[in-house]
Amino acid sequence: MQEPAEEETQSALPSEWPKPLLVDEADLLDDAEETQLLNALEEISERQSCDVAVVTIGSLDGKTAEEYADDYFDDNGYGFGSDKDGLLLLVSMEDRDWWISTHGFGITAFTDAGIDYLSEQFRPSLSDGDYSAAFATYAELCDDFLTKARDGEPYDVDNLPEKPKSFTDILFILAFSLLWGFLPVYVVALRKKSKLRSVSSKIAARDYEVPGSAVLTAQADHLVNTYVTTRIIQRDDSNHGGSSTHTSSSGETHGGGGGKF
């Protein structure tokens, strides 16, 4: 059987292959951490039919974090299926910027409020330089967010997941539990104390009166006028939920959000 010509074989291949779901150009992870994270991102992306990517760089090359993340997503073939469903977390070390760019179903699954919540969970580890923990938290929560969105209830302003309790919160709960356990005993003691009576109790109130110490005169109060003060309380209707979108340099619609770490 005749082998196909080299030119025909090459022409059958797509002109651009998507980059890996983990690109650590800033070298923030060691080899073992890279392998572990990449395996997790690939498993989640395949199971959820939505690309979940992490890209670290040294500099934004004059772009904003939003522009760089959007262009990196578009130019490198990210996105699952015909709608290019996915999201990409960009971390730039130059000015410590982070940005999450969403596309396709990623826009639906990761609302503005959802991205804020997501960042609150991984950003502390980024700030502390524990990049492996930050990206692991990001991947795990992305899986949860996508599952929630597939069920038709994406996380948003009215149904964000409960925030993990801090060590201070746990101490407060323990202290309150101890106090609550002691409170019934304290109440019983007060009730018993209230039943005690002095042996030399007095019969009437005048028995406690010191002669000449109290002089009462007739007094009366008269209502002169009344005033009613009213104040208009403005409602804050700015937080409507959902995902805000914009157009990238290549004309693609993206959602997302970001900040500093």
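Modeller: Two strands count as paired if DSSP finds at least two bridges between them; helices (H or I, at least four residues) and strands (E, at least two) are DSSP runs numbered from the N terminus. This is a predicted model, in which local features need pLDDT of at least 70 and side-chain atom pairs count only at pLDDT 80 or more, while totals for chains, interfaces and linings use all residues. Residues are numbered from 1 along each chain as its sequence is written, and side-chain values use heavy atoms, with hydrogens and water left out.

The open sheet is formed by 6 strands in the order S1-S2-S3-S4-S6-S5, with mixed pairing. Its edge strands, S1 (22-24) and S5 (245-247), each pair on one side only. From one strand to the next, the twist averages 25° (axes are lines fitted to C-alpha atoms, for helices over the stretch in contact, and angles run from 0 to 180 degrees between N-to-C directions).

Helix H5 (residues 112-127) packs on this sheet, touching S3 (86-92), S4 (97-103) and S6 (253-260); contact means heavy atoms within 4.5 Å. The direction of H5 makes about 145° with that of S4.

S1 pairs with S2 (residues 51-57) in the parallel sense over 3 bridges, and Asp24 stands opposite Thr56 in S2.

After H6 comes Gly152, whose phi is positive, near 90°.
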